[in-house]
Amino acid sequence: MSEYIFNRKETSPIKKVAIILFILFSTRPVLAQQTLIKGSVKDALAFQPIENVIINIEETTQQTQTDALGEFVFSVNVPLGEHILKISKLGYITKRYPIVVNEHEVVNITDMTLELDNSLSQDLFTISLTDDELDDNANGLGSISGLLQASPDIFQRTAAFEFSASFFKLRGLDSDQGSVMINGIEMNKIYNGRPQWSHWGGLNDVIRHQELSTGLAPSNYHFGGLLGSININTRASQKRSGRRLTYSSSDRSYTNRLMATYASGLLKSGWAYTLSLGRRWGNEGYQDATIYSSNSVFMSTEKVINDKHSLSFTGIYAPNRRGKSSANTQEVYNLKGIKYNEYWGWQGGKKRNSRIKEVEEPIVMLNHYWHINSKTKLNTNIGYQFGKLGNSRLAYGGPNRIVNNDGTVVFESGGQNPSPTYYQKLPSYFERNFPNDLEFAYGAQQAFLNNGQVNWEEMYRANLISTSQERLATYMLYEDRVDDDQLTLNTIFSSELSEHLLFNASINYKKLESKNYAQVLDLLGGSGFLNVDSFDGVQFDLKNPNTMVGVGGTYGYHYNMFANIISGYAQAQFTYNPVDFFVSGSVTNTQYQREGLFQYETFKDNSFGKGEVLSFTGLGLKVGGTYKITGKHIVDIHAGYIIKAPSIRNSYSNSRANHNIVPNISEEKIMSLDASYIFRSPIVKAKLTGFYTQLKDANDISFFFADGIGHVIAESGTQRSGYDDNEFIQEILQGIHKNHLGIELGIEAQVTPTVKLKGVAALGGYTYANNPDLYLSSDRFENVYLGTSKLKDYKLAVGPHRAYSIGFEYRDPEYWWFGATVNFFDKIYVDISPLTRTDNFFKDVDGLPFVDYDETIAKALLKQASFDDYMVVNLVGGKSWRVNQYYMGFFASINNVLDEVFKTGGFEQGRQANYRQLREDQALNKPVFGPKYWYGRGATYFLNLYVNF
């Protein structure tokens, strides 16, 4: 317009000056009438912009985040006067800046800096819970601590770093109730719904950039679950440029760790690269013979094509091999101590563990990021994961096929159970069976104390003798293998439709092909192993009967499992002053199918080929709101109703042998509600939360050897000659209801510029809410209904139901720091045996009640055991320096300083399945089949040294 005016021929110089003055004086009030607070935040070491830094004007409801350039601005309802501007991001030291805001003026604070906070480094997570514990399903506890490590909330940080070693479970829930994603691709295993943390173990430097959505709170990537979701961002363009070297030493799982990481940052060419290498190793962790060997390779490269499009590739390869440790009875712990592990023995002067878990499942993914405009983004991803997971164990009783003179065929097997804790080798067995000849018990005790380990040499000797007699091996080592190929496709849409509305949506597809089989690893000097059940001569594969299996051969079972899952979710987040709220919905279709590659003799019509397709429909609805009463007082409420498919693990009653599915199987129904009061001031931050969750129609399958089920075997019509009342069974619990109710409290106070106090409390009550149906299945009968298991009001074995923590942190201006916490745990329960809570408990072999059944004694036998409460003290501290362009430091911790001995979990064995057998066993001071326990580690240390440059 001004150009047009000035180009007019009739405009005189005087008029031009008048017009310019008019424009200047008329527009100046328009520009000056807006009050702004703006600025930028950079890394103190690299001096590069930091994205997603939270900028908060204290004691107000005003909050924003920095963009990709590290910049931020407050432009609406900017408060006037003196204020404190707080800048914070997980992994950095929070800073507070005083500002004065005058009307019609701009407060511009550029290049504010944040320094790395090494006391909150993810390396600290290593001293609390390592990935071997996160992935260990043997104890039945599972852990959600990995989901919480990125949380800025004091309660959740404490749960991750302080409570995790005691297998505390947030709200009593398993990790399958939360979702873990990498670049928007969900990494939870379809088999059991849990994330496999070792897939990216040892890559701490490159998985720091995480976005956490806790509980039922909204997520920009996924509908999530009861425990929320976490998205790990591995984009090379968003990594800080630089190099980092790390060395760690510990006496927990591994003894040494080395990591090296290089990040180019975003180059002028539009390319960015990140490379990280890691190595963790140790001959023995805290438990005996728990070998650890893991290598980690990470590569990410990204091309920023233009301001709208970016293409990113990520590859992760983290093979992991570690020795397992055993749960033991109290009798065994009393004799051998809490470090004892039954799975190993000496061979050639070295410790050899028979139970090795080996994971080798690389991940590759391609991600496309499209910034359609300044308010709308579309992220499209493809991920592929493949490889193997193996768990080794010993087999014994290898059969030999004998043809008699009359042409009949029999199978002869021999060899004793090689487990050193096999019940017939322990003193309690002899005390029970030879009470008047205690020299037998004493002999067993001395033998166990002096040896008490797997006897590899004896197994080799037995096999060599068999070979010399032209017989097959009696013992061999094999592994249960799962070879998965999984393809994931998804697209994630996000659009800021208005100043008050953010819309998110995604569509996801997963396809799984899973090969499941047992593979022979070592014949231990033998010539072969017959592919026949050593106990009853049943052919594992009728299509190829009497096959002799060598090293690398398939033994016992062989089947494929297929899964196809398609899901979608949509979410609307509304932001107003003083109320924010959201609504989110999801729909999922899940299909499973089994394909048998062995024709199991007992189930010859129901084991080979493809079984029926199982189909489940899942629905989800979440709503929530935040009411900001003032800048200090906030109320947060969430509610959700979720219908989800059972996992593959809990859908098939005996997938290794047949196509049978869990009777009356259906989707699991979940209802959950939580409400929080939040207080925030410059000195004190506190959050009080109450929650209630109800889970219905869940399933659970357990595998164990049971005595005292004679009437079940009789009813199935598979009774053998003689007294037949024991069998290796699958215990199928169907239609389980559970209640989870509790309170969470977290408080932290910055009492001085250098001292922070913190306190946390978790009070929960987690119980069975009904009497679910119980079925038994085995290799000779299928899905025999035993009625209901009387579980209502029994406690769930989910770690401590109550946990408390108090502590402090001291941070010196000279960049050294120290912290201590005291943690207290209570209400920890043994996992009960559902089979002993059925009518089978009081029935004899003939199906009639025991004539000597005493209800008072029965109640005492079935009373749920609990563990003693205990206290754990942890210390941590560190120091950092900056020397020219080098930023270096260390931190160290001692967990369980007082070397407290405590049980973290345990389970009833369930072998003594009826009243008479359990009564006789429990009458002893040392029950033969008493509960098995896990003990926590004693005093342990962790030391970490690093340098950034």
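Biologist: What is the order of the strands in the open sheet of three strands?

Modeller: In this predicted model, the order is E4-E1-E7, and the pairing is mixed.

Biologist: What makes E4 and E7 stand at the edges?

Modeller: Strand E4 (71-74) and strand E7 (106-114) each have a single partner strand, so one side of each is left without a neighbour in the sheet. From one strand to the next, the twist averages 15 degrees.

Biologist: How do you know that strand E1 and E4 pair?

Modeller: Two strands pair if DSSP finds at least two bridges between them. Strand E1 (residues 36-43) and E4 have four bridges, in the antiparallel sense, so they meet that condition. Serine 40, for example, has glutamate 71 in E4 as its bridge partner.

Biologist: What joins strand E39 to strand E40?

Modeller: Strand E39 (residues 773-778) and strand E40 (residues 784-788) run antiparallel and are joined by three bridges. Aspartate 773 stands opposite threonine 788 in E40. The two strands form a hairpin with five residues between them, and asparagine 783 in the turn has a positive phi of about 50 degrees.

Biologist: Why is valine 897 called partly exposed?

Modeller: Its relative accessibility is 32%. Buried means under 20% and exposed means over 50%, so a value in between is called partly exposed. Valine 897 lies in the loop between strand E46 (886-895) and strand E47 (903-907).

Biologist: Which nonpolar surface patch includes Val897?

Modeller: Val897 belongs to a patch of about 650 Å², whose members include Ile806, Phe824, Leu898 and Tyr941.

Definitions and conventions: Residues numbered from 1 in each chain as written. Predicted model: local features only at pLDDT ≥ 70, side-chain atom pairs only at ≥ 80, totals over all residues. Heavy atoms only, no water. Axes fitted to C-alpha atoms, helices over the stretch in contact; angles between N-to-C directions. Patch = residues over 30% accessible without salt bridge, like charges linked within 9 Å, V, L, I, M, F, W, Y side chains within 5 Å. Areas by Shrake-Rupley, 256 points an atom, 1.4 Å probe, with all protein chains shown as cover. Salt bridge = Lys/Arg side-chain N within 4 Å of Asp/Glu carboxyl O. Buried < 20%, exposed > 50% of the residue type's maximum accessible area, 1.4 Å probe, protein only.
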